[in-house]
Amino acid sequence: MKGLQRFEQRLEQMISGAFARAFRSAVQPVEIAAALQRECDNNAQILSRDRRLVPNDFHVELSQTDLDRLATYEDAMAQELIDQLQQHADGQGYVFTGPVKLGFEPADDLTTGRFRIRSSAQAQVTGNASHTQVRRAHALLDVNGTQHPLHAPGLVIGRGTEADVRINDPGVSRRHVEFLVTGGGDDLLVEVQDLGSTNGMLVDDRKVPRATLRNGSRVKVGNTTMTVRVVRDEADV
């Protein structure tokens, strides 16, 4: 509770009296901060005795009235909420899989003074492909907002430095799965196979060791879902 009190005091000092007037009878930032803490507590996944994985991507849904009141202070408040979440995580032994992100969104079904939080664990993803390679690819892999070309012979996904696409997800093995690409155009074939990972993989919600993929196929490794996108040239349409 002391952490929330310090959070509220910092916001009041930063925004001065205008803050209190703007939020009187509306959603209070300290309520959002407490709810974000509960969101982490309720979704913590045990990694080891001293480490637990928690979401790092947060969306705070508000009524349009509350969102309009927040607009002037949105960026400053988001950063304060992120800082407060980081302090809470440090105290509880929580681990974020990537940078903490927080945004505010309108929700038509919420009235003034009410809010809702959505969260997910979005692992940090890095790859070696250039923008030109991505643009010219006939098949792509979407991973947490990033795109990676699927060229023959394919690419390895994993947490280790030897992987072609690296995902900072504790549930992902160093070399977890390999995407295999053959052919091209109408004969393009994309497959995925597990590389003997600890946790296996799900393809379209089914646990399998190997599968042939199509446009829109979803491959889940650890807490991360990857989606295959097949791109057709206009000449092929």
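Of the 237 residues in the chain, buried residues make up 41%. The model is a predicted one, and its chain holds six helices and 18 strands. Among the contacts in the chain with a separation of 6 or more, 57% are accounted for by residues 24 or more positions apart.

Helix α3 covers residues 29-42, 14 residues in total. From its first C-alpha to its last, α3 reaches 20 Å, close to the 20 Å expected at 1.5 Å a residue. The buried residues of α3 are P29, I32, A33, A34, A35, L36, Q37, E39 and C40. Helix α5 spans residues 74-92 and has 19 residues. Its reach from first C-alpha to last is 27 Å, again close to expectation, which is 27 Å at 1.5 Å a residue. In α5, the buried positions are M77, A78, E80, L81, I82, Q84, L85, H88 and A89. An α-helix has 3.6 residues a turn, so residues three or four places apart point the same way. Among the buried residues of α5 are M77, L81, L85 and A89, and those of α3 include P29, A33, L36 and C40. After α5 comes G93, with a positive phi near 75°.

The side chain of D142 is joined to that of R229 by a polar contact of 3.1 Å. With neighbours within four places in sequence left aside, the residues in contact with D142 are Q147, T225, M226, T227 and R229. Beyond its neighbours within four places in sequence, T182 is in contact with D187, L188 and L189. The C-alpha atoms of T182 and L150 lie 9.7 Å apart in space, while the two residues are 32 residues apart in sequence.

Finally, there is open space to consider. The largest pocket has a volume of about 200 Å³. Strands β9 (146-149) and β10 (154-158) are the elements that give two or more residues to the lining of this pocket. The lining comprises 13 residues, with A129, P149, H151, L155 and D164 nearest the pocket centre. By type, the lining residues divide into six nonpolar, six polar and one charged.

Terms used. Residues are numbered from 1 along each chain as its sequence is written. This is a predicted model: local features need pLDDT of at least 70, side-chain atom pairs count only at pLDDT 80 or more; totals for chains, interfaces and linings use all residues. Side-chain values use heavy atoms; hydrogens and water are left out. A polar contact is a pair of N or O atoms within 3.5 Å; within protein, one must be able to donate a hydrogen and the other to accept it, and residues adjacent in sequence count only if both atoms are side-chain atoms. Contact means heavy atoms within 4.5 Å. Helices (H or I, at least four residues) and strands (E, at least two) are DSSP runs, numbered from the N terminus. The expected span of a helix is 1.5 Å times one less than its number of residues. Buried means under 20% relative accessible area, exposed over 50%, partly exposed in between (1.4 Å probe, protein chains only). On a 1 Å grid over the protein atoms alone, a cavity is a set of points where a 1.4 Å probe fits but cannot get out, and a pocket is an open set with protein on both sides within 12 Å along at least five of seven lines; lining residues have an atom within 4 Å of a point. Grid points are joined across faces, edges and corners, and a volume is the space filled by probe spheres set on the points. Ala, Val, Leu, Ile, Met, Phe, Trp, Tyr, Cys and Pro count as nonpolar, Asp, Glu, Lys and Arg as charged, and the others, Gly among them, as polar.
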